[in-house]
2 protein chains.
Amino acid sequence: MSWTENVRKVVPYVPGEQPKLDKIIKLNTNENPYGPSPKVIEVLKNFDTDVLRKYPDPNASDLVNAIADYHNVTSDRVFVGVGSDDVLSMAFLTYFNSDLPVLFPDITYSFYDVWANLYRIPFETKKLRDDLTIDASDYDMPCGGIIIPNPNAPTGVAENVDFFENIIKKHPECVVIIDEAYVDFGAQTCLPLTDKYDNILVVRTYSKSRSMAGSRIGYAIGSPRLIKYLLDCKFSFNSYTMDSITIASGVASIKDEEYFADKVAKVIATRERVKPQLRELGFDFADSKSNFIFATHKTVDANIIFEKLKASNIFVRHFKNPSRIDNYLRISIGTEGEMDELIKVLKEIL
Amino acid sequence: MSWTENVRKVVPYVPGEQPKLDKIIKLNTNENPYGPSPKVIEVLKNFDTDVLRKYPDPNASDLVNAIADYHNVTSDRVFVGVGSDDVLSMAFLTYFNSDLPVLFPDITYSFYDVWANLYRIPFETKKLRDDLTIDASDYDMPCGGIIIPNPNAPTGVAENVDFFENIIKKHPECVVIIDEAYVDFGAQTCLPLTDKYDNILVVRTYSKSRSMAGSRIGYAIGSPRLIKYLLDCKFSFNSYTMDSITIASGVASIKDEEYFADKVAKVIATRERVKPQLRELGFDFADSKSNFIFATHKTVDANIIFEKLKASNIFVRHFKNPSRIDNYLRISIGTEGEMDELIKVLKEIL
């Protein structure tokens, strides 16, 4: 027998292209066009590297406390991870441990079914309506858990807090996760529900609104009991996950509210300015509350537009699966100048 | 039914104390007493934080290439992770997928059984001899995999390459992992075996010899095929794990061979100097090839020494489990001054 027979063989997920060319306009991975807070630069410039010889604080207490302060909750209600992917993956492992299926939309963040398969969690996807909104009644069944992003990705469509509260009320038997990766760009947050229900977890990331995708910081807020289970699970197999520099950078970023609010407002303003321009060019899309627009063109095939943009060094995202969305493009909101260039090139293409 | 019934409940691992006092001598987590290479400081000072708004390179190519260069192997033979815990955990998940038990010593790194339990991998531990060496014949049975640290931890005892080659020859049916976390402090490396056998993985860390525990960098070297399986598994559930600053810091560190060699030599010199002093004080220990000494005292109980040292603000590690080693202390090698202070206080205690 060969060793290869006993190896776990999986099909890896392929992330959005990270082209290494210099002069490109990169609107394909929902990164923020503006850099992180200048306070982060200060942290790096003044970082005492001797600290690196020691293991980082396994609890990342400085960051946990800063996030708790920012959201006005106690520290025992905050969990931090190496990007929200780490937080979400750990949440799947911890909370979704039932024989009943976990429920999420058919069009949503592409890692949910990956983690469910990895951890052998049964799941069922619920079809979005044709207008890409979620039908709450689909979630009206006994289940092993629910996870929904708000706004949803890659659709950009947001639901309000009442919508989620109605779902949570019906599910005392399981944990409900709201993935708020994009919430800062205009949707309502479900954070107030975490004061009221002990089984709802709200997950956030530094990768979008805080311009720190390169730092890998994600966090979750829930009841102390919910967070305790998550911490136990995390500590059961890796004590030291977040490095010391990242902890310090994350603290600096969340304390700089002014910079944050300014940059988020700029992205929103650009998005709102671009919406009518895209409509004028023949694009159709649901109203986006995120830092991207998920659009289909009335007459021209998405793949053709995708390839032609790429030929002009403009990268957007085209999902070939599921086939329901293969005629859509997900366009991240860049700087004003990048969006002007996009509109200019689209005018030439269409 | 309450949601708590469906939650995974685990007993978390408790890492070595990270006391927050200022004036302590910390010899309990095998950290390097010297800081990282000054090249790492330069990286931080000059880091273009605008890079942080983008996702890091999911392949960490710069770091992979630098490590490949350093060890004179091709890049397709290198895997990097967020600390060697991340690398090892991923290796367990990927390679140990058989119904036969995975084998490792009864006294060894305390996370092996944790990961095995987490991933539901059957395992069997093999008792070290009374002198804390490994009996190779114990591993002479069909199995689902083998993992052994060299030098072993927390014993510090090293075996030579022939010892491991004899084991590997007998196990074409499974993957053999050599955890070389401490190898730079004087043991023989099994890296040459990775050129010869496609089923051996050698795992390394930046946390000890490279003084960068706070950065979380680990890596593995094996055959291209072995590494490919590991990468597929990693990418199947998290694309972006290592942050951009860590990637750059890791490159700077491994390129500074002079600094590295100098600091490792200092730790080894201090260890060799301290050995006879500890023996003189009545300690017994196997010869250590690592950056710690695993010692038992001929007449005084380990727990008493542990508590008395702690009262003098000197922290060493005392494992209460398994009971075979509950009369041992693991003492990390600190600076010359720290070890002088340790010896001085031990003289007072004993």
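Chain A holds 11 helices and 12 strands, where helices (H or I, at least four residues) and strands (E, at least two) are DSSP runs numbered from the N terminus. The radius of gyration of chain A, taken over C-alpha atoms, is 21 Å, close to the 20 Å that the globule rule gives for 350 residues, so chain A is as compact as a globular protein of that length; the rule is 2.2 Å times the number of residues to the power 0.38. This is a predicted model, in which local features need pLDDT of at least 70 and side-chain atom pairs count only at pLDDT 80 or more, while totals for chains, interfaces and linings use all residues. Residues are numbered from 1 along each chain as its sequence is written, chains are lettered from A and ligands numbered from 1 in the order in which they are written, and side-chain values use heavy atoms, with hydrogens and water left out.

Along the principal axes, the C-alpha atoms of chain A fill a box of roughly 55 × 55 × 55 Å. Of the 350 residues in chain A, 64% are buried, a word that stands for under 20% relative accessible area, as against over 50% for exposed and partly exposed in between (1.4 Å probe, protein chains only). Among the contacts in chain A with a separation of 6 or more, 72% come from residues 24 or more positions apart, a contact being heavy atoms within 4.5 Å.

In chain A, 3 strands form an open antiparallel sheet in the order β9-β10-β12, two strands being paired if DSSP finds at least two bridges between them. Because β9 (283–285) and β12 (328–332) of chain A stand at the edges with a single partner strand each, one side of each is left without a neighbour in the sheet. Neighbouring strands of this sheet are turned by 40° against each other on average, direction ignored. Within the antiparallel pairing of β10 and β12 of chain A, which extends over 5 bridges, Phe292(A) stands opposite Ser332(A). Chain B likewise has an open sheet of 3 strands in the order β9-β10-β12, with antiparallel pairing, and in β12(B) it is Leu329(B) that stands opposite Ala295(B).

| Helix | Strands touched | Angle |
|---|---|---|
| α9(A), residues 257–280 | β9 and β10 of chain A | about 130° with β9(A) |

Phe163(A) lies in helix α5 (residues 161–169) of chain A and is buried, with a relative accessible area of 12%. Leaving aside residues up to four places away in sequence, Phe163(A) touches Ile134(A) and Ala136(A). In helix α5 of chain B, the buried residues include Phe163(B), Phe164(B) and Ile167(B), and the buried residues of α5(B) pack against β5 (145–149), β6 (176–179), α6 (191–196) and β7 (200–205) of chain B.

Terms used. Axes are lines fitted to C-alpha atoms, for helices over the stretch in contact, and angles run from 0 to 180 degrees between N-to-C directions.
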